[in-house]
Amino acid sequence: MTALLTLTDLSLSLESRVILDKVSFDIKQGNFITIIGPNGAGKSSLLKVIVGLQKPTKGSCQVAPQTRIGYMPQRLQLNEMMPLSVETFLKTSQNNRGLLEIVEKTHIQNLLPLSMHTLSGGEYQRVLLARALLQRPNLLILDEPAQGLDVAGQNQFYHLIDHLHKELKIAILMVSHDLHFVHRASQNVICLNQHVCCMGQPDHVKSSKAYQELFPHYVGSEVLPYHHDHDHEHDAINDECCDHD
């Protein structure tokens with residue numbers, strides 16, 4: 001299967017500070033990959049390189065011609081003084097065809113007349129997700145989509161993402177800090193700390209030395225992976241870890 005996206009030895013430095021160092025992996029149609037790592041690990045910077053908001057210092061990020069990317073940032077800065085309804089906000093997307101269908105899939109019908117400035121955290125995130133889906137992506141990129149939500153809100157949002165992944169059969173690359181939920185639907189996990197410390201299927205990553213060194217307080221019963229049944233192969237990423245001896 002042809003990769004939608006291929007990173008090869010991708011590196012990024014800003015003002016002599018190494019942000020990313022020789023990051024390599026690929027994403028194929030239908031994959032669900034979650035990137036985890038401590039604060040300052042370069043996770044959001046990696047997504048910005050992928051979507052073209054930041055140029056890499058070295059290496060390459062190759063996007064296949066058939067790839068359509070939908071990007072959901074952590075937050076958008078909107079002018080608080082400017083009246084802006086949810087419907088108007090969504091219609092400002094470069095591609096708003098099929099708006100009603102996306103509105104229904106993300107369950108935001110009742111939000112359309114409301115102001116973007118009055119939405120709750122969960123409502124705001126669903127609107128951002130809807131805007132990303134308006135691009136009709138086959139690769140959806142999510143930067144900490146459940147940030148700031150309570151446990152119930154996180155569960156609802158991750159359930160929605162899992163449902164959309166299965167229904168639309170799209171690839172998803174997601175950054176998350178929420179280790180209690182990170183394995184809910186992911187086929188593969190990438191542990192990032194400037195470089196790729198470990199990557200592979202969730203159980204493999206969770207048991208690796210690199211993961212346990214980075215997240216010593218989340219090893220064992222505190223991390224509750226969601227095991228999903230499927231008939232596909234996890235061929236996106238080979239189980240691979242680096243040593244930190």
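Reply: Two strands pair if DSSP finds at least two bridges between them, and helices (H or I, at least four residues) and strands (E, at least two) are DSSP runs, numbered from the N terminus. This is a predicted model, in which local features need pLDDT of at least 70 and side-chain atom pairs count only at pLDDT 80 or more, whereas totals for chains, interfaces and linings use all residues. Residues are numbered from 1 along each chain as its sequence is written, and side-chain values use heavy atoms, with hydrogens and water left out.

Me: In the hairpin of β1 and β2, which residue takes a positive phi?
Reply: The strands β1 and β2 pair in the antiparallel sense over 8 bridges, and within this pairing Leu-12 stands opposite Leu-20 of β2. The hairpin has 2 residues between the strands, and the positive phi, near 50 degrees, belongs to Glu-15.

Me: What is the order of the strands in the open sheet of 3 strands?
Reply: Besides its pairing with β2, strand β1 (residues 3-14) is joined to β4 by 5 bridges, and these two run antiparallel. Leu-5 has Val-63 of β4 as its bridge partner, while Ser-11 stands opposite Lys-58 of β4. With antiparallel pairing, the order of this open sheet is β2-β1-β4.

Me: Which strands stand at the edges of that sheet, each with a single partner strand?
Reply: In the order β2-β1-β4, a strand with a single partner has one side left without a neighbour in the sheet, and that applies to β2 (17-28) and β4 (58-63).

Me: At about what angle to β1 does helix α1 run?
Reply: Axes are lines fitted to C-alpha atoms, for helices over the stretch in contact (heavy atoms within 4.5 Å), and angles run from 0 to 180 degrees between N-to-C directions. Helix α1 (residues 43-50) lies across β1, β2 and β4, and its angle to β1 is about 120 degrees.

Me: Within what arc do the buried residues of α1 fall?
Reply: Buried means under 20% relative accessible area, exposed over 50% and partly exposed in between, with a 1.4 Å probe and protein chains only. In α1, the buried residues are Lys-43, Leu-46, Leu-47, Val-49 and Ile-50. The arc is taken from the directions from the helix axis to the C-beta atoms. Seen down the axis of α1, its buried residues line one face of the helix, since they fall within an arc of 155 degrees.

Me: How many of the residues of strand β7 are buried?
Reply: Strand β7 (residues 171-175) is joined to β3 (residues 32-36) by 4 bridges in a parallel run, and to β6 (residues 139-143) by 5 bridges, also parallel. Met-174 of β7 is the bridge partner of Thr-34, and Leu-142 stands opposite Met-174 as well. Both faces of β7 are covered, with Ala-171, Leu-173 and Val-175 buried on one side and Ile-172 and Met-174 on the other. The number buried in β7 is therefore 5 of its 5 residues.

Me: Is Thr-118 buried or exposed?
Reply: Thr-118 lies in the loop between α3 (99-105) and α4 (121-133), and its C-alpha atom is separated by 9.6 Å from that of Ser-85, 33 residues apart along the chain. With a relative accessible area of 58%, Thr-118 is exposed.
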